[in-house]
Amino acid sequence: MEKVQLHNTINDVSETHEVEPRQLLVHMLRDSLRLTGVHIGCDTSQCGACTVLLDQQTARSCTVLAVQTEGVSIHTIEGMEGDPTVTALKQAFNELHGLQCGFCTPGMLLAARSLLLRMRDPSEAEVREALHGNLCRCTGYQNIVDAVLLAAAMLRQGVAVGEPCHE
Ligand code: FES
Ligand code: FES
């Protein structure tokens, strides 16, 4: 099949790729670029494991064709080093055991980041609503929700990563 030239920005680096018109974004990211923090949990838009940011909006990369990202800025979890919200979330997930196998974690972190950028002080119900499209096979939902609430508190308090949060 004839390939198409694709120009976009991936984790803040401008790139050009040749892709098949039918190639899914998730396969381009994982198979061609080795960005394996983008997971495939279902392939049917159910689980959120393949979540990435497209122009800073969360999207399921298993439902997007690579060619649809012409000119788009794509971020995967690998490109979020130094992002203060993701950094706080990672610390909170670590402190409160918000992960077991970690398969759902990249998608959870990006979905939670999106929430915390919209809401500084979400309720538990609002966290659950924001994450309802991200499935955890290990079913550790309570710890995940608690970790997102802790990260929100850390960000509100301006707690530096590495310090305990006492809110
Ligand atoms: S792999 Fe994309 S939603 Fe499950
Ligand atoms: S921690 Fe295992 S799938 Fe969520």
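Which hand does the crossing of α3 and α5 have? In this predicted model, the crossing of these two helices is right-handed. Helix α3 spans residues 105-118, and its axis comes within 11 Å of that of α5, with a crossing angle of roughly 45°. Since angles of 65 to 115 degrees count as roughly perpendicular and those under 35 as roughly parallel, this value makes α3 oblique to α5. On the α3 side, the contact is formed by M108, A112, L115 and L116, while α5 contributes Y141, I144, V148, A151, A152 and L155. Sorted by class, this contact holds ten nonpolar residues, with no polar and no charged ones.

Helix α5 (residues 141-157) also packs against helix α2 (residues 84-95), at an angle of about 130° and with the two axes 8 Å apart. The helices α2 and α5 are therefore oblique to each other, and their crossing is right-handed. From α2, the residues in contact are P84, T85, A88, L89, Q91, A92, F93 and E95; from α5 they are I144, A147, V148, L150, A151, M154 and L155. Here the classes comprise twelve nonpolar, two polar and one charged residues.

Turning to the whole protein, the chain is divided into domain 1 (4-79) and domain 2 (82-157). The C-alpha centres of the two domains are 22 Å apart. Where they meet, 15 residues of domain 1 touch 14 residues of domain 2. About 1,200 Å² of area is buried between the domains, and carbon and sulfur atoms give 60% of it.

Notes:
Residues numbered from 1 in each chain as written. Chains lettered and ligands numbered in written order. Predicted model: local features only at pLDDT ≥ 70, side-chain atom pairs only at ≥ 80, totals over all residues. Heavy atoms only, no water. Axes fitted to C-alpha atoms, helices over the stretch in contact; angles between N-to-C directions. Helix = DSSP H or I, 4+ residues; strand = E, 2+ residues; numbered from the N terminus. Parallel < 35°, antiparallel > 145°, perpendicular 65-115°, else oblique. Left-handed = near helix turned anticlockwise from the far one by under 90°. Contact = heavy atoms within 4.5 Å. Nonpolar A, V, L, I, M, F, W, Y, C, P; charged D, E, K, R; others polar. Domains from an automatic or database assignment. Buried area = accessible area lost by both parts, 1.4 Å probe.
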